[in-house]
Amino acid sequence: MELWQPDPGETLIARAPISFATGAAAPVSGMRWFRDTARNDIQNDLEGWPPGPLYEARSATGSAARQILRGAVVATGMAIGTFLSMHGGRVNGTPGSSPGTDTPEDRADEVDDFPVMWAASGTVARTLPWQLDPARARANGCRTHAVITDRRLVIVGFDYVKGAHDFIYDDFLWEVPRTALERVELRNFKTGLDTKIAFTDGSWSRVSSRARERLTRYLIEPLEFIPLRSLSPAQRKTAEEFAARQGPDAQAPLVKRNPCGCFRIEALAPSRTDVRFGHPRLDSLMDSNGRELPIMEYHPQDFLT
C-alpha cells in the first residue's frame with residue numbers, strides 16, 4: 001500500500017470513495033452528462049479524456065406509455081410504480097429503506113437531464129479527472145478516492161484488484177484549494193448518496209460516495225479542531241490513547257466539541273484504508289473530565305448520520 005500523503009504541516013482529515021453520480025429517475029437512469037452553461041454536451045472537449053458512452057435521455061411520455069402497456073401483462077402496481085419513477089418517484093426498495101427521497105430537488109437536473117459537470121470554458125469543474133466517470137474508470141480498471149485536508153480537496157486514483165480491499169497504490173490525479181470551494185450541498189433524491197460541489201467560479205460537479213458523510217462532513221462544517229495543548233491533561237491523555245489504539249501509524253487525534261458539551265475524538269491511521277470505503281470512521285466520545293464514554297451514554301446528536 002502506497003497512499004498519497006499531505007505535505008508536512010498539512011492535516012489529513014478524511015478519505016472516501018468518490019465518483020461522478022449516476023441518474024436514477026427513469027428518463028436518465030444509468031446516465032450522466034457533462035454540460036456547459038448552455039446545456040451543451042462538452043465531454044468531447046475535455047482535455048485528455050478517453051472516449052466514453054453517449055447517452056440520450058428517454059422520453060418520459062413514451063416510456064410511461066410502454067410501461068402502462070406492459071401493465072396489461074404484469075401487475076398493475078408495477079406499472080404504476082414505473083410511471084411514478086418517470087415523474088421522479090423512487091420505486092426500488094420499501095419506504096424508509098433508503099436514505100434518499102422520492103421527490104426531486106431539481107427536476108431539470110435530476111429527471112429531465114442529469115449533468116454531473118456544469119462548467120463554462122476555463123472553469124475548475126472542467127479540470128476534473130476522467131477517472132471519476134464510472135463508465136470510463138471501470139473500463140480501465142480504476143477507482144478513485146477523495147482526500148480531504150485542512151488545505152485542499154485531492155482526487156487520487158488506483159488500479160482496482162477485485163477482492164484485494166487493501167491493495168492501493170495511489171496516483172495523484174487532481175487537487176483544488178479549499179478556498180476554491182463555494183459550497184457543498186447534499187443531494188438526497190433517490191439514493192441519498194449524491195453531493196453537489198460548487199466552485200467559486202460558478203462551475204459545479206455532482207458526485208456520489210458510499211461514504212458520503214465522511215466525504216462531506218469537513219467540507220461543510222468549519223474545521224475548528226481543538227489544539228491538543230488546549231485540552232486538560234486527562235482529556236489529552238484519553239485522546240492520544242484512543243489514537244494509539246487505531247494503529248502504529250495513527251496520526252495525532254482530531255478533537256471537536258459537540259453541541260452537547262462532549263468531545264469527539266477522531267483518528268486516522270492510513271494503513272486502515274480500504275478500497276471500498278476509504279478510511280474508516282474511527283472515533284470516540286469523552287466527557288469534560290476526559291472519561292471515554294460508552295455508547296449507551298451518547299446523546300442523540302452525538303451519532304453521525
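**Figure 1. Strand E10 and its partner strands in the predicted model.** Strand E4 (residues 115–118) and E10 run antiparallel and are joined by two bridges; strands are DSSP runs marked E of at least two residues, numbered from the N terminus, and two strands pair if DSSP finds at least two bridges between them. Trp118 stands opposite Trp204 in E10. Strand E9 (residues 194–199) is also antiparallel to E10, with five bridges, and Ile197 stands opposite Ser205 in E10. E2 pairs with E10 in the antiparallel sense over two bridges, where Val207 of E10 is the bridge partner of Phe20. This is a predicted model, in which local features need pLDDT of at least 70 and side-chain atom pairs count only at pLDDT 80 or more, while totals for chains, interfaces and linings use all residues. Residues are numbered from 1 along each chain as its sequence is written, and side-chain values use heavy atoms, with hydrogens and water left out.

Figure 2. Five of the five residues of E10 (residues 204–208) are buried, that is, under 20% relative accessible area with a 1.4 Å probe, protein chains only. Trp204, Arg206 and Ser208 are buried on one side, and Ser205 and Val207 are buried on the other. The hairpin of E9 and E10 has four residues between the strands, and Gly202 takes a positive phi near 95° there.

**Figure 3. The largest pocket.** About 560 Å³ of space lies in this pocket. A pocket is an open set of points on a 1 Å grid over the protein atoms alone, where a 1.4 Å probe fits, with protein on both sides within 12 Å along at least five of seven lines; lining residues have an atom within 4 Å of a point. The volume is the space filled by probe spheres set on the points, which are joined across faces, edges and corners. The lining has 28 residues, of which Pro17, Ser19, Arg138, Ser208 and Arg210 lie nearest the centre of the pocket. Strand E2 (19–20), helix H4 (134–139) and strand E5 (142–149) each supply at least two lining residues; helices are DSSP runs marked H or I of at least four residues. E5 gives the most, with four residues.

**Figure 4. The open sheet of strands E11, E12 and E13.** These three strands lie in the order E11-E12-E13, with antiparallel pairing. Strand E11 (254–257) and strand E13 (283–286) each have a single partner strand, so one side of each is left without a neighbour in the sheet. Strand E12 (residues 263–266) pairs with E13 over four bridges, and Asp283 in E13 is the bridge partner of Glu266.

Notes
Buried means under 20% relative accessible area, exposed over 50%, partly exposed in between (1.4 Å probe, protein chains only).
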